Every structure is written in C-alpha cells, then in structure tokens.
Amino acid sequence: FEVSLHGPDRTPLDREFTIGLTATYYAGGRVAGQPVRWRVTQFPYTWMPKGREGFRFSSDARFSGGGRFDSTGELSREDVTDAEGAASLALNPGAEPTAQPRSYVVEATVTGADDQTVTATRQVIALPPFVLGLKAPRYLDKATAVTPEVLVLGPDGEPLPGQLVTVRLLHRQWHSVLQASDFSQGKARYVTDVVDEKIHETTITSGAGPLPVRLDLPRAGVFVVEIEAADRLGRAQQVAVDLYAGGEGPVAWEKPVAKVFAVTTEKDAYEPGETAHLVFQSPFQNASALVVVEAPEGNEYTWVAVAGGTATVPLEIESTWVPRLPVHVVLMRGRVPGAPPSPGSGIDLGRPATMASTCWIKVTEVDNRVDVSLENPAK
C-alpha cells in the first residue's frame, strides 16, 4: 500500500492548520483500521520579502535580536485510519513561544495488517502573520535628524496597513570603568558596559507603503533606530539598525582590549565611482592618524586630525581596487596634560599611546562581468 499526505504548503503562525493522510492498497481499496504514528519536528527557516532593497526585516536574525531559534518540543501521536483509510492531525502554530519563521516536517507511519510499515513526509512553511521592515541610512554627515522608513508586510509579501508599530531612537554609549583585578595580579583593567539611552519613542500605524518617520538627533554619536510590534497573540517582533551621525560635540566609543581600534564603513561593498566614508572609532578624544591606502598603483599617505573622539575620511572608489582594498590607520596620541605617572603603582594612564587598525573595503566587480541566466522547465 501507499501513504500520501495533503495539506497547505504555507501557513501563518497565528492560525491552526490540518494535515490529512490517505492510505490505499496498490490493488485497490482503503487501508482501514490500521495504526498510524504521527511525528512532527520543527526547523528554523530563512525567509525575507523580495523586491524591498535597502530594508532590513524582523525575520532576519542578524537585525531582529531574537536570539536562538525557539520552538515547542517534538510532537508524537498515535492514531488509527478510519473506514476510508484516512486520518488527520491538527497543528496550532499559535502555541509557539516566538513568531520566528519555521518549517514543520510532518512524518506519518502506517503499519499494515502484515506488520509492514510505510512512511510519508510533508513540509509546511510557517511564516509570521506580519514582518517588520526598516530602512535607515548608516552614515550621516553633520545631521540634526534622521528619517527612517517603516514598512509592515504580510506573509504574502504585500503591505499590511493598520498595524501599530512602536518606533524608538536610542543613543548608544559605552561606559568604561577602571577596576582593580584580584590580589595576585594587582593590575587595573577597564570594564566596559553598553548603555542604550532612549531619546525618543512614538507609535505609528502602518500604511499601504513605506512610512517615513522623522527623529531629531540631539548630538553627534552612534544611534540605534528600533521598531517593534506584537501580533494578536502578543508575540513581539522587532528590528533595529544602528547609524553614525556626525556633528558638534565629542563621541565616545567602546574601549578596545588590545592596541587596535575599529574603522568602519557605512556599506558592506561599493561600486567604482562611489565614495566610502571611513569612520574612526577612536579611544582618544584628540589624536593624529596616519591613513595608508594600499592601492595597486602604490601606497597613498594622508594625515588626519582626530577631534572629539572621531574622524571621517572620504575615499573615492577606483575601478582598479577590485575585489578589495586594504586601508591601514595608525592612531597616535601624545601624553595627556595633567596626568603624570602614579609613583610606586606602575600605573601611567596619561602616557603616550599608539594604536593601529586595518579596514578591508570590498569593491564590486562591475566591468568585465558576464551575467548568465538559464531558462528551463521546472521538471
């Protein structure tokens, strides 16, 4: 005999669905009154709406902050086929603790009258009842406000109006405290905590397309735009994007553990002709930096002054830099005025210091590229 399963290929995570089973003999007739064993397991599923360039979605674990995949345990259930050789199993995704996309693998094993078993499986993709999308710039030069775009899409990828969304603007800060270690070592070390200070919060209602929201920036620094919404079962979804905004006032960064610091760009990759902005996350409020661009034509050296804990270097991308270009930065700070060494302690926090960093800029291959497409039947 053979066993077939039927049911939906996709389902929202807030409604119940049913998987049906039919067992028939090859010679004809139904496999009636025979035991059935159901087994249901879950696996994480990657899904993002298409055609929304620049948006980051709550279904992407890199930006949602949802942590590891969470689900209910494996489901096992015994059943018996009816007079028509059929059986069914109802599953409720609403019982899941989170609204993360997932795939249900339903396995049904029917035992015949001769103790022979036949197994059939079916995969059902369960998607969130809605997904949040956020589009925001990663770099702003001397900006006083940021206007991110908020988008809410349904499981079909179409806009879903009428959903309440909370929009927050957070100011990211790093608080470093000098803390003595245990008695055996007798050394002082910095302990850094990440603190997100809420600057603004508002609630909007989603529309039939991307909705811009203006958020005022009080100062220069690193900010996080975060949006959050809950479905009708109370399961929250969120997505966050961090950005750097230049302007007046000092900027504090995370204190590095080793003698290296971070140099970041606003994009992961650039095309020739674009301009990359290198942002120095300087642990020193005032310093001098030597920028070394290791171009194919030869090294290019530039001195940059660091003020207020940061500096930005624009770099126009050349076509000869494909596929990537290394940029080295040497950061130098002289002795801090009014910070002499502590006699007998061996601690000299104001001594001259030097740090370095290397940033690899990825350049997209635009010239001499061949795009190949293949059109073929599905089977």
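Is Asp371 exposed or buried? Select it: at 67% relative accessibility, Asp371 counts as exposed (exposed is over 50% relative accessible area, buried under 20%, partly exposed in between, with a 1.4 Å probe and protein chains only). The model is predicted; local features need pLDDT of at least 70, side-chain atom pairs count only at pLDDT 80 or more, and totals for chains, interfaces and linings use all residues. Residues are numbered from 1 along each chain as its sequence is written, and side-chain values use heavy atoms, with hydrogens and water left out.

**Salt bridges**

Arg369 is partly exposed, at 47% relative accessibility. By this rule the count comes to 16 salt bridges.

Next select Arg168, Lys198, Glu201, Glu226 and Glu228, which salt bridges with shared partners join into one network. Within it, show Glu226 with Arg168: the closest N and O atoms are 2.8 Å apart. Glu226 belongs to strand S18 (residues 221–230) and Arg168 to strand S14 (residues 164–180), so this pair ties together parts that are 58 residues apart in sequence. (Strands are DSSP runs of E, at least two residues; helices are runs of H or I, at least four; both are numbered from the N terminus.) Both Glu226 and Arg168 are buried.

Then show Lys198 with Glu201, a salt bridge of 2.8 Å from N to O. Lys198 is exposed at 51% relative accessible area, while Glu201 is partly exposed at 38%.

**Aromatic rings**

A pair of aromatic rings is described by the distance of the centres and the angle of the planes. The rule here covers rings of Phe, Tyr and Trp (its six-membered ring) with centres within 6.5 Å; planes under 30 degrees apart count as stacked, over 60 as edge-to-face and the rest as tilted. Across the whole structure there are seven aromatic pairs.

Select Phe17 and Tyr104, an edge-to-face pair at 5.7 Å centre to centre and 65° between the planes. Phe17 is in strand S3 (residues 17–24) and Tyr104 in strand S8 (residues 102–111), 87 residues apart. Phe17 is buried at 4% relative accessibility, and Tyr104 is buried at 3%.

Move on to Phe261 and Phe280. Their ring centres are 6.3 Å apart and their planes stand at 75°, so the pair is edge-to-face. Phe261 sits in the loop between strand S19 (236–245) and strand S20 (262–264), and Phe280 in strand S22 (residues 275–281), 19 residues apart. Phe261 is buried at 6% relative accessible area; Phe280 is buried at 0%.

Finally, select Tyr139, Trp174, Tyr244 and Trp253 together: these residues form one aromatic cluster.

**An open sheet**

Strands of a sheet pair through backbone hydrogen bonds, either parallel or antiparallel. Show S5, S10, S13 and S16, four strands that form an open sheet in that order, with antiparallel pairing (two strands pair if DSSP finds at least two bridges between them). S5 and strand S16 (211–212) stand at the edges with a single partner strand each, so one side of each has no neighbour in the sheet. Strand S13 (residues 149–153) is joined to S16 by two bridges. Zoom in on Glu149, which stands opposite Pro212 in S16.

**The second largest pocket**

Stay with S5. Strand S5 (56–57), helix H1 (61–64) and strand S21 (269–270) each supply at least two residues of the lining of the second largest pocket. On a 1 Å grid over the protein atoms alone, a pocket is an open set of points where a 1.4 Å probe fits, with protein on both sides within 12 Å along at least five of seven lines, and lining residues have an atom within 4 Å of a point. The volume of this pocket is about 610 Å³ (the space filled by probe spheres set on the points, which are joined across faces, edges and corners). To centre the view, select Gly54, Arg56, Glu266, Lys267 and Asp268, the closest to the pocket centre of the 21 lining residues.

**Backbone details**

Select Val322 and Pro323, joined by a cis peptide bond with omega about 0°. Pro323 lies in the loop between strand S25 (310–316) and strand S26 (324–333).

Last, select Asp115, which is not a glycine but has a positive phi of about 65°. Asp115 is in the loop between S8 and strand S9 (117–127) and is exposed at 63% relative accessible area.

Note on methods:
Salt bridge = Lys/Arg side-chain N within 4 Å of Asp/Glu carboxyl O.
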